[in-house]
Every structure is written in C-alpha cells, then in structure tokens.
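Subject: Structure for you to look at

Dear colleague,

I am handing over the structure we spoke about, and below it I have set out what was found. Please keep the sequence and the 3D view open while you read.

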2 protein chains.
Amino acid sequence: MKYPNNIKKKNKTFVSYSNRGMCLEDSINNINDYYINNDIALIYKKPTPIGIVDVDYEYSQKIIKKAYFKEPSTLDYNGLYKGKYIEFEAKETKSKTSFPLANIHEHQINHIRNILKHNGIVFLIIFINNNNYLLKGIDFINYIDNTTRKSIELSYIEKNGYLIKETINGLDYINIVDKVFLEE
Amino acid sequence: MKYPNNIKKKNKTFVSYSNRGMCLEDSINNINDYYINNDIALIYKKPTPIGIVDVDYEYSQKIIKKAYFKEPSTLDYNGLYKGKYIEFEAKETKSKTSFPLANIHEHQINHIRNILKHNGIVFLIIFINNNNYLLKGIDFINYIDNTTRKSIELSYIEKNGYLIKETINGLDYINIVDKVFLEE
C-alpha cells in the first residue's frame, strides 16, 4: 500500500524559491541525498514529531486515525560528518531586510545552547533577500543574547554568515561546514 | 489541547521488563532525560516516521485524520556526546539463547555500515536472558557478514558485548560508550 508524500508540502507557500520551482527544504533534502549516495555525509531531516491519539488495527497495516503535530524542540536536520555531530535548521523569510526571531522557538534556542556546550556543530541556514546564508549557532546566540530586537538585521547576517551556493544537486552547504567548523 | 502519549506503548507487550514494570525503551528514555538534564549527553529517540494522508485544517490546531507508519531506515536513537555522533538501536528478545536478526531491517544494516564508514559511534543495546548488552556496530556487522544463521547466539553477545547496568535513573550506557569507543 502506497500513499502520497507528506501532505504538508502541498499546502506550503513557496514564496522565495518559487522561481526555481522548489523550496529550501527540497533543495536541502536533495543535497543530503547526494551526500549520502556519494559517501560525503549522513544527514537526514528528522521526522515531524506527532502525538498519536487513535490507531486502527483492523487492517494488515496499522492506520493512524487521529494525531496532532507537536512543536519541535530540536532542529530539523541532524547527522554525521567526518565523525562529528551536525545539527541545523533551515528557514526562509519573505522579508528582505531582517530575519524574524519568531522563526526559532524558545526550546530550539535552548537546544542550540546545549549543542554548543557538548561541542557539536550547529548552525542555521537562512534564505533571505534571494541568498542562502549559513549562520553559526554561536553567532546566532551571541546576537540574541545582546539584543532586545525581534529580528536579526540582514546586515548582521551578511557580515557574520557565509553564502551557500545552489548547485544542480541542491544547496551545497558541506564545504562551508568544512571551512567554518573544521579548518579552524 | 493535550492528548495522551504515543498510543503504541499501550499495545506493547512488556515481556522481559515486565517484572520491573517498564520496558527497555522507557529505561533508555529515562536515562537520556537524565543525561540531558545533567549536561552529560544529548541523545534523543527519533520520532516515528509516518506518512500523512489527510489533514483537517478546520480547527485552530491542524489535526491529522489519516496516516500510516513507515518502516524505519535508520536506528531509533541518535545524538551528541563529547562532540561525537552517536546512533543506536535498542531491542528486547524473548529468546534466552539467541537474538533474531529479523529484528534489524536490511536498510538499518546498510545504515550501520554507513555510520561506520563516516566514523560515527554505532551500536545495539540488546536485552536478552535478563541482561542488557551493548554490542558494537562493527561486531554486529562482522557477525552477519560471516554467518548464514538467522540469529546471533547468546554466547557471541556474551563474549563480544558489554554488560550495561540498570540504575535508578535508567539504563546507564554512557560509561560503556566511554570505555568501548573513546578510550581506545
């Protein structure tokens, strides 16, 4: 028995990536597949956390009849690169001038602090003003610990972030990870 | 709006852990909480992968009306310990003499090989014959690559595995990880 893919995608508004016919998430999923198939890295999107309320056991395959989406307390992607632990979140913003902090939940901010504490590699990928930036977790935390603003200005992202190139295989972020986290 | 926890648990048969009133999964979830709360490690159970078929958008919170369970292609738990990537699977068996290989899917075996290739820490936790053992991923792969049997004999697990102690905080496996993977 086969079902169509995650229905969430259907209802997503492809604001910024619409010209290219794909969204940031697709582009990252594509490059992650490329990394896995070419033995470069093992990085996966975590399944959406849900709470299951009701399951139907009548059929040969169990069917979930009622469930709800839980708020994520960790970031969307995690995995393994050269023995190291990597975790990151990818977000698009319609704004061309700033990244709204409401995009990252309180629990996720604590989680970023925890990853830093345990020497993991952690970052955000932010699509803003038609560019993709990798912003290190520590630079994100430093910003929010020293501001009362509700968003990160584009100028901060341009200054502290690293441009990531879109390739035919997707958003090729792993060489930036090499440069930023492993060559220090 | 709150719902009861994952309904799967209700229908699980607590065969081996029944005397203690908890299952292997609960015991690992407890110790993982302990590790997180005490800044020892960041290890989580991955959400169960599901395929969503139908979602109801009528209410303030979206409700999943139909979904199905996907077969996992990775292992149950992953996370970060001292900068390293860790992934493992936990399984109980009713058998007192061998661990049926049917417990680990083909995709998961390939995934274990991949983690080894990328220098991650990977292992199984096996509850068998009233003991919990940590069996290194490499020892698991070596076994299945050199056998036509459909199960791992207890004697192999006793010889190559490492006993893990149950504590009041749960199944305390991280000191075994230290000894086996980090002191080499």
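A residue is called buried when its relative accessible area is under 20%, exposed when that area is over 50%, and partly exposed in between. Please also bear in mind that this is a predicted model.

With those words in hand, we can begin with strand 8 of chain B, which spans residues 131-136 and is mostly covered, since five of its six residues are buried. Strand 8 of chain B is joined by six bridges to strand 7 of chain B (residues 121-128), and the two run antiparallel. Together they form a hairpin with two residues between the strands, and B:Asn129, in the turn, has a positive phi of about 55 degrees. If you look for a pair that face each other here, B:Ile128 stands opposite B:Asn131 of strand 8 of chain B. Strand 8 of chain B is also joined, by three bridges, to strand 10 of chain B (residues 162-164), again in an antiparallel arrangement, and there B:Leu134 has B:Tyr162 as its bridge partner.

Elsewhere in chain B, B:Ile31 belongs to helix 1, residues 24-37. Is B:Ile31 buried or exposed? Its relative accessibility is 0%, so B:Ile31 counts as buried. Apart from neighbours within four places in sequence, B:Ile31 is in contact with several residues, among them B:Thr167, B:Leu171 and B:Tyr173. The C-alpha atoms of B:Ile31 and B:Ile168 are 8.9 Å apart in space, although 137 residues separate the two in sequence.

Next comes the place where the chains meet. Here 45 residues of chain A are in contact with 45 residues of chain B, and the area buried between the two chains is about 4,200 Å², with carbon and sulfur atoms giving 63% of that area. Twelve residue pairs are in polar contact between chain A and chain B, counting pairs with both residues at pLDDT 80 or more. On the side of chain A that touches chain B, strand 3 of chain A gives the most, with seven residues, and the residues of that side divide into 22 nonpolar, 14 polar and nine charged. Strand 3 of chain A is joined by four bridges to strand 3 of chain B (residues 63-69), and these strands run antiparallel; one of the pairs is A:Tyr68 with its bridge partner B:Ile63.

Last come the charged pairs. Side chains of opposite charge can pair when their charged atoms come close. The structure holds twelve salt bridges over all chains, and two salt bridges are counted between chain A and chain B. A:Asp39 forms a salt bridge with B:Lys117, with the closest N and O atoms 3.3 Å apart. Because A:Asp39 lies in the loop between helix 2 and strand 1 of chain A, while B:Lys117 lies in helix 2 of chain B, this pair joins two chains. A:Asp39 is at 39% relative accessibility and therefore counts as partly exposed.

Within chain A, the side chains of A:Glu87 and A:Lys46 meet in a salt bridge at 3.0 Å, N to O. A:Glu87 is in strand 5 of chain A and A:Lys46 in the loop between strand 1 and strand 2 of chain A, so this pair ties together parts that are 41 residues apart in sequence. A:Glu87, at 0% relative accessibility, counts as buried, and A:Lys46 is buried with a relative accessible area of 17%.

With best wishes

Key. Residues numbered from 1 in each chain as written. Chains lettered and ligands numbered in written order. Predicted model: local features only at pLDDT ≥ 70, side-chain atom pairs only at ≥ 80, totals over all residues. Heavy atoms only, no water. Buried < 20%, exposed > 50% of the residue type's maximum accessible area, 1.4 Å probe, protein only. Pairing = 2+ DSSP bridges. Contact = heavy atoms within 4.5 Å. Buried area = accessible area lost by both parts, 1.4 Å probe. Salt bridge = Lys/Arg side-chain N within 4 Å of Asp/Glu carboxyl O. Polar contact = N/O pair within 3.5 Å; in protein donor to acceptor, adjacent residues only side chain to side chain. Nonpolar A, V, L, I, M, F, W, Y, C, P; charged D, E, K, R; others polar.
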